[in-house]
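Thanks for coming. I will go through a few backbone features and then the domains.

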Amino acid sequence: MITRSRFIVALGLAILLVTSAGCTDSLNAGPLSYVDNDALTHELKGKANLAGKPALQAKVRAALARIFGESPQRIRVPENSGFPSGGLSLANFRQVGEGESARIEPIYHQLPDGRPDPNHRQTGGYGLYRRNCLHCHGVSGAGDGPTAAFLFPPPRDFRKGIYKFTSTPSGARPHRDDLTRTIRDGLSGTSMPAFDALMTPSEIQQAVDYVIFLSMRGETELALIEEGSISDENDTEALGEEILKELTAGVFDRWKSAQTQVMNPTIPRTKSDHESVIRGRDLFLGRTKEKLECAGCHGALAKGDGPSFVPVDVFNMVVFGGDPSTRPERVDALDETLKTLWNQKPDDWGNPLRPANLVKGVFKGGRRPIDIFWRIAKGINGAQMPAHYPTLNEAQIWDLVNFVLALPYDPDLLASPPPMPRPKLAEAGASR
Amino acid sequence: MVVRNWSFLFALVAVLSVAAFLYAPFSPDWWLPNPHSAPGHSVSSMGREIDLLFIVILLITGLVFIGTQVALVWEAFTFVDQLDEQGKPKRAASYFHGDNRLEIVWTLVPAVILVFITIYQFGTWARIKYPSRNPKVPPLAEITARQFQWVMRYPGPDGRLHSPDDLILINDLHFVKNQPTLIHLKSSDVIHSFFLPQFRLKQDAVPGLTIPVWFDSDTAGSFELACAELCGWGHYKMRGNVTVHETEAEFAKWTSERIGEQNRDQLDLATDGEAR
């Protein structure tokens, strides 16, 4: 009798211990740390890198830690980086004083008169980013968070400082409001959700600041790697103070100058009547003297199936037809014509691209006429959509905008297209 | 006597759980039924009916719960094992083989209660869910759920959906107070669930189906829309803002502002930072 009850007690204790072992913090992530850019330590074909240069690698890491902070949880606001709040929006605590007298105090939201509101602690860009964005965009903003692998198109890698949907000139950094719009309204047709109902306008601004911070850090890292790749590993002067100042100033200036370069159409949109839409259609089909090649990518029926890209079924087979890590093998299995086409058309991040199907009426960068105007006039950064201004004048761009906006509701606009030459479709694509 | 004391210890469990049950409505986390000022208070006509159903069920289950607890304590006390001076049981155990009357009673009583609840809620269910009982109004919007947002397509000035003047917004539901409002609910990928907690309304969005859903509100203000069906990794992000306008004119003003923004072709750089 007694032995059995001892046995039961022991069994009970064992179960209790085993189950309570799950109640530790051991599964929680420890302190976060930035992830190196691949080019810092790896040989990358055709790209500047610091593989095999440990002294320069250490210098890059030290410089980044000194300018931007050692870890995501210790942010340094770089001098002259131009954050509107002086960088206070990035964090929820700040260090006041240096050395022995240093202390940490919380950051509060500001009251309308500019004083801090003691009842309202600020979450800060880092905290908001960690909660809302990190699982896709990653700790360093490299687009490598744990959920990123499940998404297509993949989440943006901020470290190049290139953003697709902007209001600034082609290739320029985005305006803050471009990032605000992307976070607030999301990107239709992609996995980027709208955060309007999840963050207040002030919180969205904090998140924008943090995204810009990660971009600046990543751009500085890339600039240092590029500079280092042409420097001598044993040169103690390499990546010195002067160079560093010059590189970071370049990064910050690109962001600052973009804030004053928003492209605002000088003439209002042409009334969207039949004549304007037909003029836009003729521009689209290359029937004007500008000889636009829209149909080459977007297709003669604007279904995103032009001959400059591989056919949709081949694209789907390669991108979605199996394990993402074996994608290169599926590309290799294509015949030469298709492989050449495929390799011509990655975006700046090396991801496969697809021209928009304009008949669907899904516009990633927004459906306002001004959004479509920007897409046509200044192209899409990092993608194959080129800038058309000033090749086209603004009135012509408005005709195209009217055509693009009318198309989803009037598919007959392109019903009888002129014949387009197509490359021969190969067996490889169909052999899945 | 010592053995009998154990029944008091066991009674403690019953007393504590009954106390927790009775305290719950006074806890700050209680949401049903809510005083008018509390955040979870129902603001729709169907919400009040549903709250009433919840209370009826809560009363029935509460009475049964308290009754069973009392019976348990009483039995533990009354039928406790009693020993005489020699340590022999005072009372012999008796064995009996089933009791048909008892079986019938404890089958019939719950059955009657369940049938009562079924019949009692028929009217409410029909009023909310039967398409034939939907308000005869044109749909306010077509709402398409996708991973992970609600795409809301309002018909625009011409009153027709899927025409070039449609107003398309993300996660932003607006309608007018005291007007039965109908939406068409769709899904473009997986099953989602359209959940308006303050309206006590929940409806699955099913790929391939267009489901009419109606609701109303007796209170103007801001409310919450959530997805109530685990739909993927971003399920928790699938929230929306619901705004109930006081008057038709206020709603029309909002609509024309949003349509103006959707038709924006130039920036007003000096004044309009938000719109860019």
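Start in chain B, in the loop that runs between strand 1 (141-146) and strand 2 (149-154): that is where Phe148(B) sits. The peptide bond that joins Gln147(B) to Phe148(B) is cis, with omega about 0°. Please keep in mind that this is a predicted model.

For background, most peptide bonds are trans, and most residues other than glycine have a negative phi. I will show exceptions of both kinds.

Chain A has a cis bond to look at as well. Going from Tyr389(A) to Pro390(A), the peptide bond is cis, and omega is near 10°. Pro390(A) belongs to the loop between helix 14 (369-378) and helix 15 (394-406) of chain A.

Now phi. His162(B) is not a glycine, yet its phi is positive, about 60°. Is His162(B) buried or exposed? It counts as exposed, because it has 11 C-beta neighbours inside 10 Å, and the limit for exposed is 12 or fewer.

In chain A, go to the loop between helix 7 (201-229) and helix 8 (241-258), where you will find Leu239(A). Leu239(A) also is a residue other than glycine with a positive phi, in this case near 50°. Leu239(A) has 21 C-beta neighbours inside 10 Å, so it counts as buried; the threshold for that is 20 or more.

In chain B, the assignment gives domain 1 as 2-86 and domain 2 as 141-262. How far apart do the C-alpha centres of these two domains of chain B lie? The answer is 39 Å. Where the two meet, domain 1 of chain B contributes nine residues and domain 2 of chain B contributes 10. On the domain 1 side of that contact in chain B, there are three nonpolar residues, five polar and one charged.

Chain A is assigned two domains too: domain 1 covers 38-258, and domain 2 covers 274-430. Their C-alpha centres in chain A are 32 Å apart. The contact between them takes 20 residues from domain 1 of chain A and 18 from domain 2 of chain A. What classes of residue make up the side of domain 1 of chain A that touches domain 2 of chain A? Nine are nonpolar, seven are polar and four are charged.

That is everything I have for today.

Note on methods. Residues are numbered from 1 along each chain as its sequence is written. Chains are lettered from A and ligands numbered from 1 in the order in which they are written. This is a predicted model: local features need pLDDT of at least 70, side-chain atom pairs count only at pLDDT 80 or more; totals for chains, interfaces and linings use all residues. Domain bounds come from an automatic or database domain assignment. Two residues are in contact if their C-beta atoms, placed from the backbone, lie within 7 Å. Ala, Val, Leu, Ile, Met, Phe, Trp, Tyr, Cys and Pro count as nonpolar, Asp, Glu, Lys and Arg as charged, and the others, Gly among them, as polar. Helices (H or I, at least four residues) and strands (E, at least two) are DSSP runs, numbered from the N terminus.
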